[in-house]
Amino acid sequence: MKPNVSIIALVDVIGALSDRTLLNGNLGLVDDGSFDSTGQGTPSLCTVVEPGQTVQWTALAVDLQTPVEIRNITFLRADGAEAGEPAQEEAQTDAARLDLDVWSGVVPYLPPGVPHKYRLELQMYDGANSVLHIDSPALMCQ
């Protein structure tokens, strides 16, 4: 059995909302995969996986007073257009603890050695400017 891979998105919500970007140190992505992922701690994390593995994404706010949740994860084609979403489920649902929501998907067969970028869309609190996204993280089969 292949172990799951967890990806944690650590979000400086106040910084992200103030800067209106997940860049500038406002987002760090880390995984616990058993392979040599690159970009640990940055928005450009490339997680090395195997087909059939389950990948789980979780968002955690650095500022515990402002909730952050994963709104959507969309895989992108090489030209940046949307290619589709992973199978998803919310393992835990508690509106008062949005930071505990977990998204997961099973890695399909992907050509090895090719990073498959995805759009990570995060919602922080409420309001017109509360949703930000990045297109830089990726999964890559070894």
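Here is a short tour of this structure, from model confidence to side-chain pairs and a few backbone details. The model is predicted, and the protein chain averages a pLDDT of 87. Two salt bridges turn up in a search of the whole structure, along with two aromatic pairs and zero disulfides.

**Confidence**

- Of the residues in the protein chain, 87% score a pLDDT of at least 70.
- Among the elements of the chain, β2 has the highest mean pLDDT, at 98, while strand β6 (residues 82-84) has the lowest, at 73.
- Please take care with residues 90-99, where pLDDT stays under 50. The model has 14 contacts beyond four places in sequence for this stretch.
- Where pLDDT is low, predicted coordinates should not be read in detail.

**Aromatic cluster**

- Trp57, Phe75 and Tyr118 are linked into a cluster by ring pairs.
- Two aromatic pairs are counted. Tryptophan 57 and tyrosine 118 have ring centres 5.5 Å apart and planes at 75°, so this pair is edge-to-face.
- That pair links distant parts of the chain, with tryptophan 57 in strand β4 (residues 54-61) and tyrosine 118 in strand β8, 61 residues apart.
- Phenylalanine 75 and tyrosine 118 form a tilted pair, with 5.4 Å from centre to centre and 50° between the planes.
- Here too distant parts of the chain are linked: phenylalanine 75 sits in strand β5 and tyrosine 118 in strand β8, 43 residues apart.
- Tyrosine 118 counts as buried because its relative accessibility is 0%. Phenylalanine 75 is also buried, at 17%, and tryptophan 57 is buried as well.

**Salt bridges**

- Side chains of opposite charge can pair when their charged atoms come close.
- Arginine 71 forms a salt bridge with glutamate 121, and their closest N and O atoms are 3.8 Å apart.
- Arginine 71 belongs to strand β5 (residues 68-76) and glutamate 121 to strand β8 (residues 116-124), so the pair ties together parts that are 50 residues apart in sequence.
- Arginine 71 is partly exposed, with a relative accessible area of 43%.
- Aspartate 135 and arginine 119 meet through their side chains in a salt bridge, at 2.7 Å from N to O.
- This pair also links distant parts of the chain: aspartate 135 is in the loop between β9 (131-134) and β10 (138-141), and arginine 119 is in strand β8, 16 residues apart.
- Aspartate 135 is partly exposed, with a relative accessible area of 30%, whereas arginine 119 counts as buried at 16% relative accessibility.

**Cysteines**

- A disulfide is a covalent bond between the sulfur atoms of two cysteines.
- The search of the whole structure finds zero disulfides.
- Cysteine 46 is buried, with a relative accessible area of 9%, and cysteine 141 is buried too, with 1%.

**Loops and backbone**

- Most residues other than glycine have a negative phi.
- Arginine 20 has a positive phi of about 60° although it is not a glycine, and asparagine 24 likewise has a positive phi of about 60°.
- Arginine 20 is found in the loop between α1 (13-19) and β2, and asparagine 24 lies in the loop between α1 and β2.
- Arginine 20 counts as exposed at 53% relative accessibility, and asparagine 24 counts as exposed at 62%.
- Serine 34 lies in the loop between β2 (27-31) and β3 (46-49), and it counts as exposed at 58% relative accessibility.

Technical notes
Residues are numbered from 1 along each chain as its sequence is written. This is a predicted model: local features need pLDDT of at least 70, side-chain atom pairs count only at pLDDT 80 or more; totals for chains, interfaces and linings use all residues. Side-chain values use heavy atoms; hydrogens and water are left out. Helices (H or I, at least four residues) and strands (E, at least two) are DSSP runs, numbered from the N terminus. Buried means under 20% relative accessible area, exposed over 50%, partly exposed in between (1.4 Å probe, protein chains only). A salt bridge is a side-chain nitrogen of Lys or Arg within 4 Å of a carboxyl oxygen of Asp or Glu. A disulfide is a pair of cysteine sulfur atoms within 2.5 Å. pLDDT is the predictor's confidence in each residue, from 0 to 100. Contact means heavy atoms within 4.5 Å. Rings of Phe, Tyr and Trp (its six-membered ring) pair if their centres lie within 6.5 Å; planes under 30 degrees apart count as stacked, over 60 as edge-to-face and the rest as tilted.
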